[in-house]
Amino acid sequence: MTSPIPTQTVPQPLARLAEQAYRLEPVRAAIVDPLDPFSLGGALTAGERGVIEPVLVGDENKIYDTANRCGWNLRGAHIVRAAPGRESVTAALLAADGNVEMIVKGALHSDSLLHAVLAEPRLRSKRLSHVVVTELPGRETPVLLTDGAVNIAPDVNVKAQIAQNAIDLARAIGIPRPRVAVLAAVETVVSGMQATLDAAALSEMARRGQITGGVVDGPLALDDALAEGAAQAKGIHSCAAGRADILLSPDLQSGNILYKAFDVLLHAPFAAVVTGAAVPIVFTSRADSIDARVLSCALARLLVEEKKRQC
């Protein structure tokens, strides 16, 4: 396969994660409906870099048409035909049968892929949740954002599962005891603000061992979580203040706005996956760059390796 369009150099610390993935053997990945330059280009680039062996799932003629429009050669590519509307189901079956070790979202709506994964009993493991791994200026370690794509209005029990998924992912990429900041608009518990009540409950759940592997504190405003000066000025004493590894949003809308603000306004590189299924799912937006897709494949590859170590 001919290399697709070039990508930019990925800065630290995500570059370190990518390098770890590049040193591993590639795994087979089902690319669902790769019918635009970003999704097909991301898959081919990740393949060229040795992160994955792309298995292109969809309408064969449309996949070749996309490659031809971009000037890419698919000679030697592995294509699995899928009937219109059955691309996600086909990919889910490939994963459930052990023929691929990750699923990569292409040019399709999120719901289609998530429904197919949830409908396959062999892929259901835990609560699915979306995690973005990004980097911010002045930080030597990545920051994780969750959940901006899957759980619309999670209650406190669902938030506990979202937090656990993010902690497990953070530990898998080398953060031994991640600090979770449960975000809200204010730093105090207010009876009329459900996000603050949930934050207080999650903090207590972590202290009682219902959330493990990390430390959880909240409610915290975004500036408290990321800027020690802001926390000090407000007199906040918290294990997560100014040093949060994980930002847990109150709901999908705020989480989605936050990670896209980091992307669009800060131009922060990022990787995005859905965790909680039997295989990691690379879950980028249809507008996300090839860089983001390659980084996301690299992150998913590390999760595959972590699963192998645990078995």
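Start by selecting Glu 48, which sits in helix H2, the run of residues 37-48. Keep in mind as you look around that this is a predicted model. Is Glu 48 buried, exposed or something in between? With a relative accessibility of 39%, Glu 48 counts as partly exposed, because that value falls between the 20% and 50% cut-offs.

Glu 48 and Lys 308 lie 260 residues apart in sequence, and their C-alpha atoms are 23 Å apart in space.

**Next stop: helix H4**

Select residues 87-96 to bring up helix H4. How many of its 10 residues are buried? The count is 8, so helix H4 is largely enclosed by the rest of the structure. To see them, pick Glu 87, Ser 88, Thr 90, Ala 91, Ala 92, Leu 94, Ala 95 and Ala 96.

**On to the salt bridges**

Across the whole structure, a search finds 15 salt bridges. Here are some to visit.

Select Asp 245 and Arg 179, whose side chains meet in a salt bridge at 3.8 Å, N to O. This pair links distant parts of the chain, 66 residues apart: Asp 245 is in the loop between helix H9 (228-233) and strand E9 (246-248), while Arg 179 belongs to strand E7 (residues 179-183). Asp 245 is buried, with a relative accessible area of 4%, whereas Arg 179 is partly exposed at 23%.

Move on to Glu 204 and Arg 208. They form a salt bridge in which the closest N and O atoms are 2.8 Å apart. Glu 204 is partly exposed, with a relative accessible area of 31%, and Arg 208 counts as exposed at 63%.

**Last stop: helix H11**

Select residues 290-310 for helix H11, then highlight Glu 306 and Arg 309. These two are 3 residues apart in the helix, so about one helical turn separates them. They form a salt bridge too, and its closest N and O atoms are 2.6 Å apart. Arg 309 counts as exposed, at 53% relative accessibility.

To finish, select Glu 187, Asp 223, Asp 224 and Lys 234 together: salt bridges that share partners join these four into one network.

Terms used. Residues are numbered from 1 along each chain as its sequence is written. This is a predicted model: local features need pLDDT of at least 70, side-chain atom pairs count only at pLDDT 80 or more; totals for chains, interfaces and linings use all residues. Side-chain values use heavy atoms; hydrogens and water are left out. Buried means under 20% relative accessible area, exposed over 50%, partly exposed in between (1.4 Å probe, protein chains only). Helices (H or I, at least four residues) and strands (E, at least two) are DSSP runs, numbered from the N terminus.
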